[in-house]
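Subject: Structure handover

Hello,

The structure we talked about is below. Please read the notes under it with the model open.

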Amino acid sequence: MVIPPPVRSPRITKFLKPYVLKMHFTNKYVSAQVVHSPTATVASSASSQEKVLRASMENTRDVAAAAKIGKILGERLLLKDIPAVSVFLKREQKYHGKVRAVIDSLREAGVKLL
């Protein structure tokens, strides 16, 4: 069963930022994804759970892994011609540690942050 995207009026979609970065950290893995807000679909994602990435990392949950995930996500976004994203932080997330590593490596990869 396919769930259709939410229907929003043009007034609302005009003010939505089209691409939003969302990050999730567990005790084992780091994952980040960019969601296209108007259609509620995932534009691109990267995770330390991927088999290709797991082999090249010695630890899948530290700050270095978060930086690598941000770099790979940035490269994937630029391949899909997505030049800028806005960042969505949860209440408990601060610009520190893993969050900072993901955001800084995205910025270094050439993606602009809104």
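A residue counts as buried under 20% relative accessible area, as exposed over 50%, and as partly exposed in between, with a 1.4 Å probe and protein chains only. By that rule, 32% of the 114 residues of the chain are buried.

This is a predicted model, in which local features need pLDDT of at least 70 and side-chain atom pairs count only at pLDDT 80 or more, while totals for chains, interfaces and linings use all residues. Residues are numbered from 1 along each chain as its sequence is written, and side-chain values use heavy atoms, leaving out hydrogens and water.

The chain has four helices and five strands, where helices (H or I, at least four residues) and strands (E, at least two) are DSSP runs numbered from the N terminus. Their order from the N terminus is α-β-β-β-α-α-β-α-β. Along the principal axes, the C-alpha atoms fill a box of roughly 45 × 35 × 30 Å.

Contact means heavy atoms within 4.5 Å. Among contacts between residues at least 6 apart in sequence, 60% join residues at least 24 apart.

The axes of H3 (residues 63–79) and H4 (residues 98–109) come within 7 Å and cross at roughly 35°; axes are lines fitted to C-alpha atoms over the stretch in contact, and angles run from 0 to 180 degrees between N-to-C directions. Residues in the contact include Val63, Ala66 and Gly70 in H3, which meet a set in H4 that includes Ala101, Val102 and Leu106.

Regards
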